[in-house]
Every structure is written in structure tokens, then in C-alpha cells.
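Here's a quick tour of a protein model, written for someone new to structures. Have a look at the fold before reading on.

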Amino acid sequence: MNIIFHSSYFAKFLFAVLFSVTVGPLVGQIQMEDKVYNDQIKSVQLYLYDGTGKDVLNSAVSQLNSRQPLVLEFDDLRQDAILYNAKIYHCNANWQQSNLNNMEFLTDFNEFFIEDYEYSFDTRVYYVHYRFQLPKVKMPGNYVVAIYPEDDEDDVVLTQRFMIYSQNVGIGADIQNSSGVVERDFNQEVSFTLNYGQLDVVDPMQDIKVVIRQNQRWDNVITNLDPTFMRIDQKMLEYRHFNLENNFKGGNEYRFFDLQSVNFGGQNVGDINIKQYSVEAFLVKDKIRGADAYGQYQDLNGQYIINTKDAGNPVLQAEYVNVNFFLEAPSKYQDPVYIFGELTNWNLLEEAKMNYQPDLKGYTGSLLLKQGWYNYQYYLNNEKTPFAVEGTHFETENDYEIFVYYRPPASIADILVGYQHFNYHPMF
């Protein structure tokens with residue numbers, strides 16, 4: 001760990017004390033979403049730390065006053081370390097910045113120095129690894145952390161969402177295949193009940209909002225669900241919809257590859273080419289499986305774990321590898337095809353867009369990735385048929401999260417009063 005003395009510390013402290021009570025953080029050009037704004041920033045992961053080694057798979061969700069911290073890690077491919085700062089934004093249920101001032105949700109002034117960073121060693125691509133334990137907040141809700149160089153607040157390099165909840169609502173969920181006649185083979189349906197007995201709710205229909213998330217993705221969340229039945233005397237709400245409002249595409253189990261070693265090919269890695277200053281990996285050819293029957297196997301639901309078997313310190317000694325993908329396709333799809341998963345921050349990135357090669361009868365693409373175990377899929381940029389390459393099945397194992405928001409009387413912000421994680425794994 002490197003501890004840096006910041007000459008501007010006291011000036012910034014004084015400024016924050018004088019102005020943070022009445023002046024909120026400036027959003028500028030950033031967006032309240034999981035996003036990387038600089039192509040030198042790689043391997044961004046924000047998770048609930050529990051010391052298990054697989055905690056990077058945990059959602060960035062924590063209970064208020066939990067002893068388990070939320071941790072942000074990322075690499076900067078520039079060889080010289082940059083002194084980064086972090087700033088926290090409170091958001092409403094719709095991820096628009098709230099009107100709360102900093103002192104209403106933080107105990108410290110809203111500027112945090114990232115002092116924990118280390119240089120990679122024995123790697124062909126140099127990088128600096130940063131680790132930041134997020135500060136405690138005083139109230140539950142949606143939050144975004146923005147990272148920027150200490151001398152330029154406008155030069156934000158990444159933003160990540162995280163959620164802090166208080167368990168004031170009981171949640172019971174029932175997840176099964178869709179009740180739709182056509183959709184029952186392809187979709188999964190999430191029904192649930194809420195018990196809000198701990199809250200003083202005047203109008204449950206207006207005051208309570210719910211969000212359902214699948215596999216930690218934000219691009220396909222379900223929002224704006226109204227309760228289908230209210231038991232006011234029991235302070236109970238039921239959400240049992242039958243017009244597909246609560247349906248998710250089941251999707252398919254994620255493809256995977258093992259890039260934990262560059263000295264020998266792991267699963268689904270066909271060839272590795274080691275050069276003086278770079279490493280190139282070629283995955284085995286993928287095939288379209290949109291019309292195939294469902295096949296069960298264990299995956300990471302689209303996530304990845306950084307690791308290397310070639311050295312003792314995966315954080316600092318794992319290589320960055322240019323990973324080449326190839327998807328066999330007899331003809332070109334009308335819609336663009338993307339490599340998709342947590343490895344692209346669940347975004348359809350331009351760098352992850354596949355190129356169709358008529359002479360090869362397939363799509364090619366490449367991503368610069370740190371060694372580890374990866375999940376991915378091929379995703380079409382089409383709301384109706386995103387799973388044309390992969391197929392979608394009601395049997396697919398998926399993780400689901402339900403978030404419950406409430407705005408108290410006279411409040412100007414939504415708070416997160418209930419959270420529950422569920423795993424859908426149908427028995428055969």
C-alpha cells in the first residue's frame with residue numbers, strides 16, 4: 001500500500017466543510033450508470049467483500065451499517081500511477097441524482113483519496129492496480145461512485161453503481177416458467193409479495209417502487225410494476241402479473257473460457273501466441289445454438305474471476321491478453337452482434353462489436369482481457385431477438401434480485417427499504 005501526502009488536502013477539506021452542506025456534487029458529463037470513460041481503464045469490479053476469494057461475484061449491494069465493505073478494483077494500463085479521487089452520488093429509484101446534499105448521506109466531506117495502488121510486475125503489458133474501499137453512508141438508497149484524477153474532477157474515468165439497503169420490508173418470491181402460452185418455453189416469470197408492516201405508508205401504490213434485476217444486469221431490469229392485489233389491513237402487497245410484465249428471457253447458460261495460463265491452453269482456448277510485449281489467445285470456434293435444445297452446465301451467470309496459474313499474485317502478475325473470438329455463421333445477421341457479459345460491463349461496446357467475414361463464414365472480434373476464468377455470450381442489438389445466436393430457455397439457471405424503494409412523507413429522495421436475492425434453478 002502506498003500512502004501519499006496530498007498538499008491540497010487541507011484546502012479541499014476547508015472547501016468541503018464550507019460548501020458541501022448546501023452544494024451537491026456536480027454531475028458534469030458523467031452518467032449515473034456502470035461505465036468506463038477511458039480506454040486505459042480495465043477489469044473494473046465492484047463487489048461486497050467477504051474474504052472468500054470468490055467475492056468478486058457478489059453484487060455491489062450491502063446492508064446499512066454492515067461490517068462487510070464494498071470494494072472497487074480496477075487497472076490503469078498507463079505505466080505511471082495517477083492519484084485518483086472518488087466522489088459519491090445519491091440517486092433515486094430511477095437512477096437520477098437526488099436533491100440531497102452531501103451531509104445528508106455522508107459523514108465525511110465528499111472527496112476520497114484512493115491511496116491503495118500497486119504496480120504490476122513480470123508482465124508484458126504494464127498496469128497499475130487500484131483498490132478502494134467505499135466509505136460508509138448514513139442512509140439506504142442507490143449510489144454511484146465516480147473516479148477521477150485528483151487535479152481534474154471533470155476527467156471522470158469510470159462510474160459504478162452500488163446499493164445500500166435497510167430491511168424494512170419482507171419479500172417472498174416465486175420464480176417459474178412463464179404463464180404465457182407461447183412464452184412458457186422461453187421466459188421466466190417473477191412473482192412476489194411484500195410485507196411493509198414496518199413502514200408508515202399512506203399510499204402503497206404511489207409510495208412504493210420495485211425493481212427486479214437478472215444476473216446483475218441493468219439493461220433489462222423490470223420497473224414500474226403495480227401491485228395486483230393489496231391487503232391494506234395486513235400491510236401486504238402482491239405482484240402476480242399474467243400479461244408478461246414480470247417476464248425475463250431465460251437466455252442460455254453462458255459460454256466460458258479458461259485463460260488462467262498463457263503457457264498452456266485452458267478449456268475452450270485453442271491457441272496462444274506469446275510475443276515479447278504481448279500475448280495473443282485464440283478461442284475455439286463457437287457455433288450458433290439458437291435452435292439447440294437446452295443443455296445444463298454450471299456457469300458464473302456472465303461474470304469473470306481474475307486469476308493466473310503462471311505466477312503467485314494474480315492481482316499484479318496476471319497478463320493482459322488479446323483474446324480473439326470466432327463465431328461460425330453461414331450468413332450475416334441483419335443486426336450487429338456483440339460479445340457480451342460482465343467482461344464488457346454489461347454494455348454493447350463498440351470494441352466488442354463483431355465483424356462478419358464472408359470468406360470465413362463467420363464473425364470475428366477481440367478484447368483485451370486480464371487472465372482469468374470468463375463467461376460471455378453473443379448478443380444481438382435487437383430488443384425482440386437478442387438471443388438469436390444463443391437461444392433462450394425457461395430451464396436456464398439465473399440469479400434474480402428484488403429492490404424495494406420508498407419515499408417517506410415530506411422526503412425529497414427515495415430510500416431502499418428492502419432487498420432480496422433469489423436463485424432460479426429448476427429441478428429436472
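## Strands and how they pair

Two strands count as paired if DSSP finds at least two bridges between them. Helices (H or I, at least four residues) and strands (E, at least two) are DSSP runs, numbered from the N terminus. This is a predicted model, so local features need pLDDT of at least 70 and side-chain atom pairs count only at pLDDT 80 or more, while totals for chains, interfaces and linings use all residues. Residues are numbered from 1 along each chain as its sequence is written, and side-chain values use heavy atoms, with hydrogens and water left out.

Let's start with strand E15 (residues 236–239). Strand E12 (residues 187–195) pairs with E15 in the antiparallel sense over 4 bridges, and Asn 195 has Met 236 as its bridge partner there. Strand E14 (residues 229–231) also runs antiparallel to E15, joined by 3 bridges, with Arg 231 standing opposite Met 236. E14 and E15 make a hairpin with 4 residues between the strands, where Lys 235 takes a positive phi near 50°.

Which way do the side chains of E15 point? Met 236 and Glu 238 go one way, Leu 237 and Tyr 239 go the other, and all are buried (buried means under 20% relative accessible area, exposed over 50%, partly exposed in between, with a 1.4 Å probe and protein chains only). In a regular strand, side chains alternate between the two faces of the sheet.

## A three-stranded sheet

Another sheet is open and has 3 strands in the order E13-E26-E27, with antiparallel pairing. Its edge strands, each pairing on one side only, are strand E13 (208–214) and strand E27 (415–424). E13 is joined to strand E26 (residues 398–406) by 7 bridges. In that pairing, Gln 214 stands opposite Tyr 400.

How many cavities of 30 Å³ or more does a search of the whole structure find? There are 2. A cavity is a set of points, on a 1 Å grid over the protein atoms alone, where a 1.4 Å probe fits but cannot get out; lining residues have an atom within 4 Å of a point. Grid points are joined across faces, edges and corners, and a volume is the space filled by probe spheres set on the points.

The largest cavity holds about 200 Å³ of space. It has 17 lining residues, and the closest to its centre are Asp 34, Leu 46, Gln 160, Gln 216 and Glu 342. Strand E2 (41–48) and strand E10 (158–165) are the elements that give two or more residues to this lining.

The second largest cavity has a volume of about 50 Å³. Its lining includes Gln 214, Asn 252 and Asn 398.

## Buried residues in loops and a strand

Asn 252 sits in the loop between strand E16 (247–249) and E17. With a relative accessible area of 6%, Asn 252 is buried, and its side chain reaches the backbone oxygen of Glu 390 at 2.8 Å.

Gln 260 lies in the loop between strand E17 (255–258) and strand E18 (269–274). Is Gln 260 buried or exposed? Gln 260 counts as buried because its relative accessible area is 11%. Its side chain makes a polar contact with the side chain of Asn 307 at 2.7 Å (a polar contact is a pair of N or O atoms within 3.5 Å; within protein, one must be able to donate a hydrogen and the other to accept it, and residues adjacent in sequence count only if both atoms are side-chain atoms).

Technical notes
1 Å grid on protein atoms, 1.4 Å probe; cavity = no way out; pocket = protein on both sides within 12 Å on 5 of 7 lines; lining within 4 Å.
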